[in-house]
Amino acid sequence: MEEFSLLYPDGKTPSFKMLGEDAYNDLSLDMVFEHISENDREKKIIRDIMTKIESDPEVIRYRCDVFDDIIRYPGLREKVRDMLDQPDYLKSFEKTFRDDSVSPIWQLVTRLQELDVYVGCISGINQALNEFPVRSAGLNALKDYVSSVYDESGFEQLKADIRELQTETSKIRSITLGVNLDSSLCPEEVGILSINDDRFDHSGILDNFLGFCAKFSDVLNASFGSMTKIHKVGLSGEEDPLMKNLTRSVTNMLGSTVRHLKTKLSRYVDISGYKLTQFIPELIFYIRWAEFCSRVMETGLPMSRPEILDIEEKSMISKDMYNIKLAIGNLEGKKTDIVFNDFDFSREHGIFIMTGPNRGGKTTFTQAAGMLFLMAQNGIYVPASKLSLSPCDNIYTHFPADENQTVDLGRLGEESKRISKIFFDATDKSLLLFNEPLASTSFTEGLYIAKDVVRALRGLGARTIFNTHMHELAMELGEINALKGDIKAASLITGIHEGKRSYKVFIAPPEGISYARDIAKKYGVTYEQLMSFVGD
């Protein structure tokens, strides 16, 4: 059967862009992945998949379908997860079998144990997939593949062989060999008849042959560290030329036999095992995310399947979106009162100059928008009651940098360099997230540079959230939108009501002065309130 993937439909090859380290850190993905899985190997799998940004709508819809099946049937993912927990040997797949320093017979015994686990894994996955009515093309392709592996790889015979040949290695005490001789009693071929858990009992007429075994004991002991050493027992102390010849011939032929059996056993694993090792990480990715999303929904928070639009539309329509980090806080018992927001991108409103009070939720909202795109484009349910979006080709972020990173250039120089790199890398299909850029310099200098950046954003045409403390920047949208550009800029504000932050966002002119007055009034520091303390 042709190679397939649970991440890419048939005929599609990967065409991703890598999410940068800045964006990875600014979106706090390590913190998120810590709650998807506790296993370091699984977290690496999740990170490797999530940071490869695919923008092809067909690929994303394919993933959405697979995830839909996985999250819809908890029984399916539980059974598959139990199967995936079995083949730990896959972490070092083929290592023992290809290690020439390990004795050949030991490799054979190890491979039989591996195959026993492998057969059980394939059989269990095959049974689970046939038990549930999956609808996605990906899981149906997996079902067909697993069935073909089971039917075409001789699994029934292989299981019988394993039952007959496999023995606990700790109990091995001897092996039984069969030697074919020609008319001159010269050995022609040798084979392993059985692996035994009791010692070979030698007596009588076999003593001469045991002389041969003594010669051969080093070979056997090299193969089985736990096997009892065979001592030389002969009718005379003289070396028999026939036994010497037999020893040499059988030793050579045994090596050939082992290599032959290794090749035979490799057929099962080389044909079937490669794809098993390929789709196991993909299944782990979907299963762990489905478990996480299910836990979030059990708290009453909405999560939904995204609708994927054409990439050229540059659109996004969301209802009741929120930051997934807040949901994680609730899972940890923080009981945060999460505020939902409706938020859209369009060509009329494609660049948002976002203003609002300090600690008013601007950073939280900016991160939430990035996570919506990232989760949606990996096929995962998103933290919103409804979402439709045109994919982005990558996510670029500019959040405040660690002071240790700004020693050489200075903070303003470091910020300017990062902004320049974003424009160099981004396209009109990208998503840009700026969080309080240019706050390290004076207000006048910062505003001057910020105006140039926003004007350039119009020329770039990428969807953008420009979160800033410079309310004056959002007051000059008329001038900015007069420039040539594919999408227009708009003012987005975080709300405040009676001096309290509401964490709601909406399109409106900046209200820096009114924000300040509400806060001043709340704490009694308006001119009128202060003058009431001043004597006549």
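Are W289 and F292 buried or exposed? Both of them are buried. Keep in mind that this is a predicted model.

The structure holds 12 aromatic pairs. Take W289 and F292 to begin with: their ring centres are 5.7 Å apart and the planes meet at 85 degrees, so this pair counts as edge-to-face, the cut-off being over 60 degrees.

Both residues belong to helix α10, which covers residues 241-298. W289 and F292 are three residues apart there, or about one turn of the helix.

## A pair across the chain

F343 and F365 make another edge-to-face pair, with 5.0 Å from centre to centre and 90 degrees between the planes. This one ties together distant parts of the chain: F343 is in strand β7 (residues 341-345), F365 is in helix α12 (residues 362-376), and the two are 22 residues apart.

What about solvent? F343 has a relative accessibility of 2%, so it counts as buried. F365 is buried too, with a relative accessible area of 6%.

The F343 and F365 rings also belong to a cluster, in which ring pairs link them with F345 and F352.

## Arginines over rings

Two tyrosines have an arginine over the ring face. R47 lies over the face of Y24, at 3.8 Å from the ring centre. Over the face of Y8 you'll find R63, at 5.1 Å from the ring centre.

Technical notes
Residues numbered from 1 in each chain as written. Predicted model: local features only at pLDDT ≥ 70, side-chain atom pairs only at ≥ 80, totals over all residues. Heavy atoms only, no water. Phe/Tyr/Trp six-rings, centres within 6.5 Å; stacked < 30°, edge-to-face > 60°. Helix = DSSP H or I, 4+ residues; strand = E, 2+ residues; numbered from the N terminus. Buried < 20%, exposed > 50% of the residue type's maximum accessible area, 1.4 Å probe, protein only. Lys NZ or Arg CZ within 6 Å of the ring centre and 35° of its normal.
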